[in-house]
Amino acid sequence: MSTSGTVEMDAAGNAAFTASALCKVYRTGETEVHALRGVDLEIPAGEVLVLLGPSGSGKSTLLNILGGLDRASSGSLRYRGTELTDMGDAELTRFRRANVGFIFQFYNLIPSLTAEENVRLVTDIAEHPMAAEEALALVGLADRRHHYPAQLSGGEQQRVAVARAIAKQPGVLLCDEPTGALDSKTGVRVLETLAQANRDLGTTVVIITHNAGIAAMAHRVLHFLDGRIARMEVNAHPVSPAGLSW
Amino acid sequence: MKALDRKLLRDLWRLRGQVFAIALVLAAAAATFVMSMGVHRSLTETRDAYYARNHFADVFAGMTRAPRSVVARVAAIPGVQQAEGTIQQYATLDFPGRVVPVRALLNAVDEEGRDRLNRLTLRAGRLPQRGHPGEVVADEAFVKANALAIGSTVDALIHGRKQRLRIVGVGLAPNFIYALAPGDIIPDDSRFGVFWIGRKALEAATDRTEAINALSITLTRGASEADVIRAVDTVLAPYGGTGAYGRKDHLSNAFLDNELMQLNAMTRVIPPVFLLVAVFLVYIVLGRMIRTERAQIGLIKAFGYSDWAIGWHYLKFALAVALLATLMGAAAGIWMGSAMTRLYAQYYRFPFLDYRISPPVILGAAALSFAAAGLGALGGVRAAVALAPAEAMAPPPPPVYRAGTVERLGRAAGFSAIGHMIVRHIARWPGRSAITVLGVALSGGLLFATTQFLDSSRTMLDSFFFRAQRQDLTVTFIEPRNDDALFALAQIPGVLRVEPTRGVAAKIIRGNRSERAAIESARADAQLSVRIDRSGTAIALPPGGLMLSRQLADKLAVRAGDRVEVEMLGGRRTRLTLPVVSIVDEFIGERAYASEKTVDAIARDASPVGAALLRIDPAARARILMQLKDMPMVLGVTEKTAALEKFEQMIDDNMLTMIVFYIGFASAIAVGVVYNSARILYSERAHELATLRVLGYFRSEVGLVLLGELALLVVASVPLGCLIGYGMAQLMTAMFSSDLFRLPFAPSRASYGWSVVIVLLAAMGTAATVARRVQQLDMVRVLKARD
């Protein structure tokens with residue numbers, strides 16, 4: 001498992017993230033939007049966590065704050081014992097570079113780079129990356145590594161995005177609607193790769209989805225409503241993504 | 001206001017930075033056009049009005065001495081409308097306490113104001129009165145430069161006699177718009193003045209009662225100038241006529257023509273560069289705008305707007321830029337034109353010279369701006385018109401990237417993924433990349449082509465003042481002298497070396513071409529005056545035959561080895577056929593050279609010394625000048641350092657002002673091109689840049705993706721810019737050369753260097769400004785959207 005020198009191991013336990021009273025307020029002109037209204041949460045390392053909830057319920061805001069793309073307005077967020085809320089832009093960038101892999105609904109591949117080069121974008125700057133070819137082999141795309149995104153199907157593109165996210169061997173994978181643009185069969189393949197990373201590399205995986213079916217692969221499911229965690233379910237027996245369908 | 005027009009206004013405002021950057025480049029075109037055409041028009045109109053009002057003559061002739069009755073004979077020549085005789089006499093002036101030599105050209109003027117040609121305009125005071133022989137009108141520039149006023153007196157040595165002159169008027173005349181002392185190449189108002197003195201007084205002072213030594217002639221409409229000149233030469237031959245000549249060879253008029261020709265050349269070379277760049281900029285910006293608004297265009301068409309309405313909407317965007325550019329350019333052009341006209345007024349003596357805002361010039365500038373913007377818009381507008389609604393509303397096909405040759409080389413060099421992104425993006429948009437390279441290259445080229453004029457002038461200066469002329473003083477005599485005069489000069493303490501020079505006025509004829517030129521000679525052992533060619537080497541005088549300056553040889557269409565006919569003007573009017581032995585590349589004037597023996601054979605006179613060159617001990621300068629002032633045989637003394645200072649001052653005044661303008665203009669191109677490329681690049685890549693930030697790239701690293709691409713393009717433009725600059729500079733030096741000056745093409749490395757540095761700074765400064773937008777990248781918002 002990869003941990004950055006800048007992030008210390010949590011002496012107290014094995015939690016990847018510890019959030020307490022996390023709030024996020026967006027101000028647009030006169031109006032204030034409370035996206036998060038005091039979230040308390042602990043995500044143990046190695047957990048697969050699914051966030052469910054309607055649009056605007058705060059799950060994406062939480063994911064962005066966890067990943068260091070955004071900063072909380074108040075409250076505390078620690079990653080392996082290190083406070084993220086006080087970090088400046090450069091420190092957050094360093095945090096992302098070392099610890100976080102992102103996967104988005106619309107892949108966000110660089111169209112001018114081949115599959116392999118898209119992965120190398122990350123391996124060029126990570127501290128202990130796996131080889132780009134190895135990451136692509138993990139998602140089953142070793143033979144398509146010289147293809148440009150425009151030459152790949154949506155599912156393949158998303159798998160390249162997954163390979164790019166796991167190539168740095170991150171502590172945590174943050175996925176925002178990773179299967180949102182894919183059909184069921186392709187979606188399952190992508191989820192399998194995420195589960196594999198969790199299983200083989202011990203990566204903590206947080207998945208936002210509108211698709212309740214996916215919740216079955218999680219250790220825990222959080223239901224968001226109006227900027228708060230409305231409900232939590234613990235899944236004693238997570239199923240393999242291969243068993244999922246929607 | 002219609003909804004589409006509202007969209008237009010908002011688009012203009014949204015893209016205001018890019019709109020302004022394009023307008024800046026177009027405005028530079030409009031400004032140079034308005035400036036140079038405006039000044040050209042102002043000068044031409046002023047000159048023509050002045051010439052007409054003061055009856056500037058068409059043909060001029062000089063002679064040793066002729067009876068006044070010759071005027072009537074000349075007037076009777078077919079084609080001559082009016083002829084008027086006068087006396088012109090050089091005099092030396094003595095300002096007490098001043099050692100610097102001062103000369104004046106005295107012109108006879110009718111005391112009752114009845115002169116018909118080259119009429120004097122009185123600025124203040126009155127004409128000299130009959131019976132008051134010392135009264136003179138002095139030219140305005142001389143009066144100002146020497147802090148004189150009406151009522152001031154000056155002691156003059158006229159025709160060997162001392163006389164006190166009293167200034168009773170201040171004036172100017174159309175034959176002295178540009179006033180040069182003999183042998184000078186630049187006016188020096190404090191050392192040379194033009195005076196007008198009563199005719200009777202000048203006749204008495206020069207022993208020319210009822211005689212003249214100069215003639216001015218106007219022609220009837222349709223008369224042949226060449227025929228009249230030939231006839232006048234025949235009439236004047238017995239009186240030592242030195243050859244009649246038309247306006248084009250009239251010194252003052254020729255300098256003015258030269259200036260007008262250069263202004264014209266500037267109008268033809270410089271605005272087109274800006275216009276070309278502006279066409280490209282409008283093309284890429286509008287092209288990008290239409291690509292991003294594809295879906296909107298489809299939607300608007302689906303609502304029922306016609307193709308024509310959509311095309312007109314985008315064309316209006318370009319025309320709005322042109323309107324802004326015309327306003328900015330006209331204002332800047334008028335301002336610069338006024339500044340330039342004020343500068344001209346220092347060198348050219350007009351009774352009035354104002355920069356006149358000329359509506360046709362402004363309209364011309366507007367037409368150019370609108371045409372350039374319209375042309376640039378054509379491609380984009382056509383694409384918008386051709387877009388079918390259904391196709392337009394579907395997302396455009398993804399861009400196809402491929403690894404090019406450069407990259408296959410780069411793979412070996414170990415390109416990073418970022419390196420690939422940069423190189424492939426350049427290759428993906430080859431047209432736009434090429435425009436950026438060409439635009440920045442043109443900016444550098446223009447800057448180089450204009451700044452190298454400084455090198456050109458300095459080379460000319462160096463060749464003329466340091467290599468060819470090695471004397472400190474040139475002493476001209478009242479009339480040609482024999483060796484006694486040289487001996488007398490050599491006796492002055494502090495004079496280190498004295499050498500004679502002489503020049504005879506001659507007409508050189510080859511077939512049906514003929515040119516007036518001075519044939520100059522020096523002794524075989526001469527050290528002070530050397531003929532230097534373009535490469536800086538000294539060329540010996542041929543023992544027999546002629547050496548011609550390149551300028552003169554070109555005009556006569558002769559080459560070394562050809563034979564020409566030489567007719568001496570004045571004196572004995574000898575006619576000889578001589579071989580052209582060699583051609584020498586010189587920068588100033590049209591001249592011919594021959595050995596003393598050859599010149600003696602042409603002139604056949606016994607007083608071969610026309611002027612003397614002196615090398616002196618600098619410590620003795622003041623004493624030597626004082627002594628020269630008291631020698632009756634001395635007409636004038638030219639100091640080399642003074643002429644050099646004047647020349648350098650003119651370069652500083654004139655050229656530096658222009659160069660500052662051009663640094664601004666060239667930077668405007670670089671800024672305009674790079675700003676637009678950078679903004680388009682940024683908008684195209686915002687999504688990718690945000691992705692890189694998410695992946696853990698620092699802002700500075702992300703900024704490098706933008707800066708890296710722009711830097712590559714800018715660096716690629718450097719050699720191209722040098723090449724363009726080289727060609728443009730050669731074209732411009734050729735276009736700016738005239739009968740008076742042949743500008744050398746002698747760019748210094750520093751000029752290349754400065755052009756490159758200034759353009760790089762402007763380009764990369766602009767790129768860095770845009771790259772700072774990386775700070776504002778909203779990672780969250782960008783990633784939510786589909787690319």
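## Helices α13 and α20 of chain B

Helix α13 covers residues 417–428 of chain B and helix α20 covers residues 699–736, and the two pack at an angle of about 50 degrees with their axes 9 Å apart. (Helices here are DSSP runs of H or I with at least four residues, strands are E runs of at least two, and both are numbered from the N terminus.) The axes are lines fitted to C-alpha atoms, for helices over the stretch in contact, with angles running from 0 to 180 degrees between N-to-C directions. That angle is why α13(B) and α20(B) count as oblique to each other: under 35 degrees is roughly parallel, over 145 roughly antiparallel, 65 to 115 roughly perpendicular, and the rest oblique.

On the α13(B) side, the contact uses B:Ile418, B:Met421, B:Ile422, B:His425 and B:Ile426, while α20(B) brings B:Leu704, B:Val705, B:Gly708, B:Glu709, B:Leu712 and B:Leu713. "In contact" means that C-beta atoms, placed from the backbone, lie within 7 Å. By type, the residues of this contact split into eight nonpolar, two polar and one charged.

## What you're looking at

This is a predicted model, where local features need pLDDT of at least 70 and side-chain atom pairs count only at pLDDT 80 or more, while totals for chains, interfaces and linings use all residues. Residues are numbered from 1 along each chain as its sequence is written, and chains are lettered from A and ligands numbered from 1 in the order in which they are written.

Chain B has 22 helices and 22 strands, and its C-alpha atoms fill a box of roughly 100 × 60 × 55 Å along the principal axes. Of its 787 residues, 46% count as buried, meaning that 20 or more other C-beta atoms (placed from the backbone) lie within 10 Å of the residue's own; 12 or fewer makes a residue exposed, and anything in between partly exposed. Among contacts in chain B with a separation of 6 or more, 84% come from residues 24 or more positions apart.

Over in chain A, the axes of helix α3 (residues 115–123) and helix α5 (residues 154–166) come within 8 Å and cross at roughly 30 degrees, so α3(A) and α5(A) are roughly parallel. From α3(A), A:Ala115, A:Asn118, A:Val119, A:Leu121 and A:Val122 meet A:Val160, A:Ala163 and A:Arg164 of α5(A). That set is made up of six nonpolar, one polar and one charged.

## Where the chains meet

Between the chains, 23 residues of chain A are in contact with 23 residues of chain B. On the chain A side, α2 (89–99), β6 (100–104) and α3 each supply at least two residues. The chain A residues touching chain B sort into 13 nonpolar, four polar and six charged.

## Around α17 of chain B

Helix α17 (residues 596–603) of chain B has B:Thr598, B:Val599, B:Ile602 and B:Ala603 as its buried residues. They cover an arc of only 125 degrees around the axis, which puts them on the same side of α17(B); the arc is taken from the directions from the helix axis to the C-beta atoms. Their cover includes β13 (495–510), β14 (513–522) and β18 (563–568) of chain B, among others.

B:Pro542 sits in the loop between β16 (538–539) and β17 (546–549) of chain B. B:Pro542 and B:Thr598 are 56 residues apart in sequence, yet 9.5 Å apart in space, C-alpha to C-alpha. B:Pro542 counts as partly exposed because it has 18 C-beta neighbours inside 10 Å.

## Positive phi

B:His55 has a positive phi near 55 degrees without being a glycine, and lies in the loop between α2 (16–53) and β1 (59–67) of chain B. B:Asn118 has a positive phi of about 45 degrees, in the loop between β4 (102–109) and β5 (121–125) of chain B. B:Asn118 is buried because 21 other C-beta atoms lie within 10 Å.

Definitions and conventions
Two residues are in contact if their C-beta atoms, placed from the backbone, lie within 7 Å. Ala, Val, Leu, Ile, Met, Phe, Trp, Tyr, Cys and Pro count as nonpolar, Asp, Glu, Lys and Arg as charged, and the others, Gly among them, as polar.
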